[in-house]
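Come along and read them beside the model.

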Amino acid sequence: MKKAKSKEANGKLLTETELELMTILWRLGEGSVADVIGQLPKARDLAYTSVSTILRILEQKEILKTRKEGRGHIYIPRLKKNDYEAKTVRHVVERVFDGTPMALVRQLLDSGRLDENDLKELKHLIDQAGGRK
């Protein structure tokens, strides 16, 4: 049964708040509830119990693992940020761009949010990808 839950969690994207907390843990590498709260923006009003509950849910989904330390737990990402980014891009390509990665790239280029350095890096990545084939 646990495998089915894990498989289900692996297929879904994180909620906005789950992603916010995971982003903090990816940056820290690991942390307690207090560590995560300490990294939230000052204006973010999220109670200790809410953060604790969300982290436990992420543990149940096998996105985090824990280690007991003193009276609390240290939360450690099991899901790598790069893996989540790749899954999210696949999801966006399938759902928003009708399974056409070029439509995503075209939209990204048309958005005007890429500067000259970004374009140079993108060209370099395309050249590398072309060399692999």
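**Burial.** I began with how much is tucked away: buried residues make up 23% of the 133 residues in the protein. Here buried means under 20% relative accessible area, with exposed over 50% and partly exposed in between (1.4 Å probe, protein chains only).

**Ground rules.** I noted that this is a predicted model, where local features need pLDDT of at least 70 and side-chain atom pairs count only at pLDDT 80 or more, while totals for chains, interfaces and linings use all residues. Residues are numbered from 1 along each chain as its sequence is written, and side-chain values use heavy atoms, leaving out hydrogens and water.

**Confidence.** I looked up pLDDT, the predictor's confidence in each residue from 0 to 100. Its mean over the protein is 90, and 91% of the residues reach 70 or more. Confidence is lowest in helix 1 (residues 2-11), with a mean of 51, and highest in helix 2 (residues 16-28), at 98.

**Layout.** I listed seven helices and two strands; these are DSSP runs numbered from the N terminus (helices H or I, at least four residues; strands E, at least two). Along the sequence the pattern reads α-α-α-α-β-β-α-α-α. The radius of gyration is 18 Å, well over the 14 Å that the globule rule gives for 133 residues, so the protein is more spread out than a compact globule. That radius is taken over C-alpha atoms, and the rule is 2.2 Å times the number of residues to the power 0.38. I also wrote down the span of the C-alpha trace along its principal axes, about 50 × 40 × 25 Å.

Strand 1 (residues 64-69) and strand 2 (residues 72-77) pair in the antiparallel sense over six bridges; pairing requires at least two bridges found by DSSP. I found Lys65 opposite Ile76 in strand 2. Two residues lie between the strands of this hairpin, and Gly70 in the turn has a positive phi of about 65 degrees.

**The core.** Which residues touch the most other members of the largest nonpolar core? They are Leu21, Val51, Leu55 and Leu58, out of 19 residues. Helix 2, helix 3 (33-39) and helix 4 (48-60) each supply at least two residues, and helix 2 gives the most, with five. Such a core is a set of buried Ala, Val, Leu, Ile, Met, Phe, Trp, Tyr and Cys residues joined through side-chain atoms within 4.5 Å.

**One last look.** I followed Leu55 to its contacts (heavy atoms within 4.5 Å). Not counting residues up to four places away in sequence, Leu55 touches Leu21, Leu25, Val33, Val36, Leu64 and Tyr75.
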